[in-house]
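Thanks for coming. I will walk through one structure and keep to a few places in it.

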Amino acid sequence: MAKKREEYSEQLKWNVKDLYASEKEYKKDFEEVESRLKELALFKGHIMESAKKLLALLELDTEVDKKIEQIYVYAHIQNDQDTTNVKYQVLYKKAYKLYESYRETTSFIVPEILKSTEEVVENFLKEEKGLQSYERMLKDLFKMKPFILDESREQLISQFSGLMGVPDEVFSYLTDADLKFGTILNENDEEEELTEKSYRKFIESPNREVRKNAFLKLFTTYGDFKNTYAALLASEVAKNNKIALIRSYKSTLHSSLFGNDIPESVYFNLIATVKKNIAPLSKFWKIKKKNLGVEELHLYDTFASGIKIPTKTYSENDAKQVILDSLNVLGENYIKDLTQAFDEGWIDYPPNDGKRNGAYCTACYNVHPYVLLSFDGTLNNVSTLAHELGHAMHYYYAIKNQSYQDYGYSIFVAEVASQVNQILLSKHLIEKSTSKEEKMYLIDDLISDFKSTIYRQTMFADFELQIHEKEQKGEVLTHELLSDLYYKLNQEYFGENITIDDEIRYEWERIPHFYMKFYVYQYATAYAAAIKIAMDILNQKENACEHYLEFLGLGCTKTPIESLKVAGVDMTREETLQEAFTYFEDLVRELKELSEE
């Protein structure tokens, strides 16, 4: 049974007082924003009258937006640390409503600017030096002009912004707070509660019955709610497609990629390249089957190591030290900056009851990033922490080097720093291994990361693409359609040398990223980019580390593709992905050789 939050030491919790020392201060800012929204509204109809007027509007909008970010981060991390706490549910909803009010109030800004011309804006930029810090943002607006609606329709959409988030909100409360999976027998034959948080521990167990029972109970329970989850996902997909259509995009994929300057060929090339490289994964299944000593490999076996060594556990301090040691190759300044995260309350560790499932990093320009996870002391959790701290440092350097309007980097590059951290951690642990078995265990774990991040996330991307295309063609996304498609994709991506258990057809129900349209493919592309960056650094390629740190500080001042080129990676080249599979094949070959010694 998970403990309540108050049972954990305050030292293990993030320091929300860095955001607001008291709720009184929070309420003061909240009320100030409400007042300043009225000031913003007064600019309606006047913002393009002069360069000075435009600058005044943009500066006020930035000031208000920055304050709303701080309010919102405070409310949502309080809510996520315990989703059963009604007080913070209310706090979060009020913060979100304030954000909605801001969106509605400022919905006139973009259409009004776009009623003008690029020539007028160019002249304003020359006339008013203060506008130059907004140059990128203004030019990006005109790039989006074909997809921006008139003022009345933009305002109408903004009024419905809260309702558009309902599928994701309901998914979160159902999955993280209300859904119960009962108990299973653990490795000591004791009844233990199965939760989304404890599932990882069970599915990695060396005891096959524990793995199997956890797998069956989890997905059977999800199967019992298939109609509810199908309705949620279908509504999310329909909403995405309708908004894309209203804005004159050809598809939701087009709308998701266009704003980030990502060619659709990058998405399709990812799926095609992964499908051409299933063979190395099939070779890995053979090795895992042998190492596990099973006649038939099932999906519930794939997270177990198969290497007969004790599983080390890590305290929070152990995790800190091994992460710092592994990232030492990034330089003294990086380590000094990263140490702040551990020592100054950026991280929330407790796996308390009601805590939002999974892990994430969120940022606040006025303060610092915050990392949430449910730390259980496993190597996987240490890796997760290193991953989220990669996000934190990406935010930290972008905030340090860029203005508020330019610090928010594209989601296409958002997973690169996190994956670089994980790869460097794994390589460090492999280098420091003291036995063949430990080395095999760690290589097996690194291979599993590749499998989960490139093969699995690409399968998710394929699923997401197909369900959006089917809905756009008028097909009804029933639970049968969703489950059958998901099962078929599991066979296609993983099916050789492994048994695809029927219960996996319900896994789509538990994937939160399906409510973040066309996000998941970027885990795979980012991992391919991270492999090249990490290996260049480890191989001491000239200026590799310096170029990587420069990349971390770019924010959104360059397009995502151009930003990665600064770090030495070109994601428009098919060879970049193929190089990642060469790296993967080398790992599989090394594991095979060690297993046969």
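I start with Asp140, which is partly exposed because its relative accessible area is 29%. Buried here means under 20% relative accessible area, exposed means over 50%, and partly exposed is in between, with a 1.4 Å probe and protein chains only.

Before I go on, some ground rules. This is a predicted model, where local features need pLDDT of at least 70, side-chain atom pairs count only at pLDDT 80 or more, and totals for chains, interfaces and linings use all residues. Residues are numbered from 1 along each chain as its sequence is written, and side-chain values use heavy atoms, with hydrogens and water left out.

Back to Asp140. Its salt-bridge partner is Arg136, with 2.8 Å between the closest N and O atoms. A salt bridge here is a side-chain nitrogen of Lys or Arg within 4 Å of a carboxyl oxygen of Asp or Glu. Both residues sit in helix α6, residues 135-143, and they are 4 residues apart, about one turn of the helix. Helices (H or I, at least four residues) and strands (E, at least two) are DSSP runs numbered from the N terminus. Arg136 has a relative accessible area of 22%, so Arg136 is partly exposed as well.

How many salt bridges does the structure hold? The count is 36. As background, side chains of opposite charge can pair when their charged atoms come close.

A second pair is Arg456 with Glu507, where the closest N and O atoms are 2.2 Å apart. This pair links distant parts of the chain: Arg456 is in helix α21, while Glu507 is in the loop between α22 (479-494) and α23 (521-538), 51 residues away. Are Arg456 and Glu507 buried or exposed? Both are buried.

Lys541 counts as partly exposed because its relative accessibility is 47%, whereas Asp536 is buried, at 14%. Salt bridges with shared partners also make one network out of Glu196, Arg456, Glu507 and Arg510.

Next, the nonpolar interior. A nonpolar core is a set of buried Ala, Val, Leu, Ile, Met, Phe, Trp, Tyr and Cys residues joined through side-chain atoms within 4.5 Å. The largest one has 153 residues, and the residues with the most contacts inside it are Ile323, Leu385, Leu389, Phe450 and Phe463. Helix α21, residues 436-472, supplies the largest share of this core, 15 residues. There is a second, separate core of 46 residues, and Tyr88, Leu98, Leu114 and Cys364 are among them. In soluble globular proteins, nonpolar side chains tend to be buried together.

Not counting residues up to four places away in sequence, Leu385 touches Ala319, Ile323, Phe342, Ile347, Tyr349, Val371 and Leu373. Contact means heavy atoms within 4.5 Å.

Ser305 is in the loop between α15 (279-292) and α16 (316-326), and Ser305 counts as buried because its relative accessibility is 13%. Its side chain reaches the backbone nitrogen of Ile307 at 3.2 Å. Beyond neighbours within four places in sequence, Ser305 contacts Lys288, Leu292, Tyr441 and Asp444.

Thr62 is in helix α2, residues 51-81. Thr62 is buried, with a relative accessible area of 13%. Which side chain does Thr62 join in a polar contact? The partner is Tyr134, at 3.1 Å. A polar contact is a pair of N or O atoms within 3.5 Å; within protein, one must be able to donate a hydrogen and the other to accept it, and residues adjacent in sequence count only if both atoms are side-chain atoms.

Last, two backbone angles. Asp189 is not a glycine, yet its phi is positive, about 60°. Asp189 lies in the loop between β1 (183-185) and β2 (191-193), and Asp189 is exposed because its relative accessible area is 62%. Asn497 also has a positive phi, near 70°, in a residue other than glycine. Asn497 lies in the loop between α22 and α23, and Asn497 is partly exposed, at 32%.
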